[in-house]
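Here is a briefing on one chain.

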Amino acid sequence: MNQIIREYLITFLHPFKTHEVLRESRALTKPLVLASELKEQEIQYKTGLSFIEVMSISWVMAIINGIYSIGMIYFGYVTGMFMSESDTLSSLISNNISLEYQKILISWSILQVIIFPITLWFYAKVWTVIIRFFGSLFEFEGNLEEVTAQVVNHSIVTNLFLVIPIFGEMIRHFCSIIYLFAGLRSNMSFSILQSLITVCSPLIIFVLFIVLGIIYFTSLFAML
């Protein structure tokens with residue numbers, strides 16, 4: 001477990017270097033060895049963190065973030081109650097703030113923690129499909145499935161940012177793109193342009209759908 005945590009932190013601190021090590025380890029030519037030495041050599045071959053490993057540690061980060069969220073919601077409720085009792089401060093808060101509303105927010109925070117592994121699994125599957133597609137398109141040489149798993153799994157370490165209150169969630173989303181870029185650039189040896197196209201492809205597809213939707217509805221209204 002200590003080794004997993006150590007690799008998690010090293011990947012978080014040195015994403016480009018970690019992927020370089022994985023690429024170099026994969027590129028090493030294995031010499032002929034005795035059967036008794038085979039197990040030791042296989043251990044030296046670095047495959048990186050698995051999805052279960054990064055998900056387990058990231059879930060702990062999500063629990064900590066959930067505790068932060070619930071604490072801030074409760075603090076906001078207590079502050080609101082205090083301000084509502086003051087004649088000078090009561091006008092600064094909304095009359096719509098109630099205990100039921102706070103319960104909904106707390107329930108949502110707890111639900112986010114519970115379904116965190118599912119959302120992380122969905123994130124991994126989406127990016128796996130995207131990276132495999134562009135890996136095939138750019139004619140990646142090597143075990144595409146294995147390397148794609150390395151790139152996606154090691155981008156999940158950005159969940160460590162969840163320990164930062166308030167801004168951790170936003171920082172995590174932004175940095176996950178950088179960590180994916182690091183994997184594409186240093187592990188799969190994509191060019192800068194190829195890496196940018198890959199990480200920006202969801203946004204490009206989203207914009208394309210919006211443009212097509214606008215064109216469709218514009219044409220539909222023009223026919224009326």
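Buried means under 20% relative accessible area, exposed means over 50%, and partly exposed lies in between, with a 1.4 Å probe and protein chains only. On that scale, Asn2 and Leu13 of α1 are exposed. This is a predicted model: local features need pLDDT of at least 70, side-chain atom pairs count only at pLDDT 80 or more, and totals for chains, interfaces and linings use all residues. Residues are numbered from 1 along each chain as its sequence is written, and side-chain values use heavy atoms, with hydrogens and water left out. Helices (H or I, at least four residues) and strands (E, at least two) are DSSP runs, numbered from the N terminus.

**Helix α1**

- Helix α1 covers residues 2-13, which is 12 residues.
- The expected span of a helix is 1.5 Å times one less than its number of residues.
- For α1 that gives 16 Å, and its end C-alpha atoms are 16 Å apart, so the two agree.
- Which residues of α1 are buried? They are Ile4, Tyr8, Thr11 and Phe12.
- These buried residues fall within an arc of 100° seen down the axis of α1, so they line one face of the helix. The arc is that of the directions from the helix axis to the C-beta atoms.
- Asn2 and Leu13 lie on the other side of α1.

**Salt bridges**

- A salt bridge here is a side-chain nitrogen of Lys or Arg within 4 Å of a carboxyl oxygen of Asp or Glu. The count by this rule is three.
- Side chains of opposite charge can pair when their charged atoms come close.
- Lys17 and Glu20 form one of them, at 4.0 Å from N to O. Both residues sit in helix α2 (residues 15-27), three residues apart, about one turn of the helix. Glu20 is partly exposed, at 27% relative accessible area.
- Glu145 pairs with Arg132, with the closest N and O atoms 3.8 Å apart. This pair links distant parts of the chain: Glu145 is in helix α7 (residues 144-155) and Arg132 in helix α6 (residues 116-137), 13 residues apart.
- Glu145 is exposed at 54% relative accessibility. Arg132 is partly exposed at 35%.
- Glu169 pairs with Arg172, with the closest N and O atoms 2.5 Å apart. Both lie in helix α8 (residues 168-187), three residues apart, about one turn of the helix.
- Glu169 is partly exposed at 32% relative accessibility, whereas Arg172 is buried at 12%.
- An α-helix has 3.6 residues a turn, so residues three or four places apart point the same way.

**Spacing from α6**

- Arg132 of helix α6 is 15 residues from Val147 in sequence and 9.3 Å from Val147 in space, C-alpha to C-alpha.

**Helix packing**

- Axes are lines fitted to C-alpha atoms, for helices over the stretch in contact, and angles run from 0 to 180 degrees between N-to-C directions.
- Angles under 35 degrees count as roughly parallel, over 145 as roughly antiparallel, 65 to 115 as roughly perpendicular and the rest as oblique.
- α7 and α8 pack at about 150°, with their axes 8 Å apart. That makes α7 roughly antiparallel to α8.
- The axes of α8 and helix α9 (residues 192-223) come within 9 Å and cross at roughly 140°. That makes α8 oblique to α9.
- A crossing is left-handed if the near helix is turned anticlockwise from the far one by less than a right angle, and right-handed if clockwise. α7 passes α8 in a right-handed crossing, and the crossing of α8 and α9 is right-handed.
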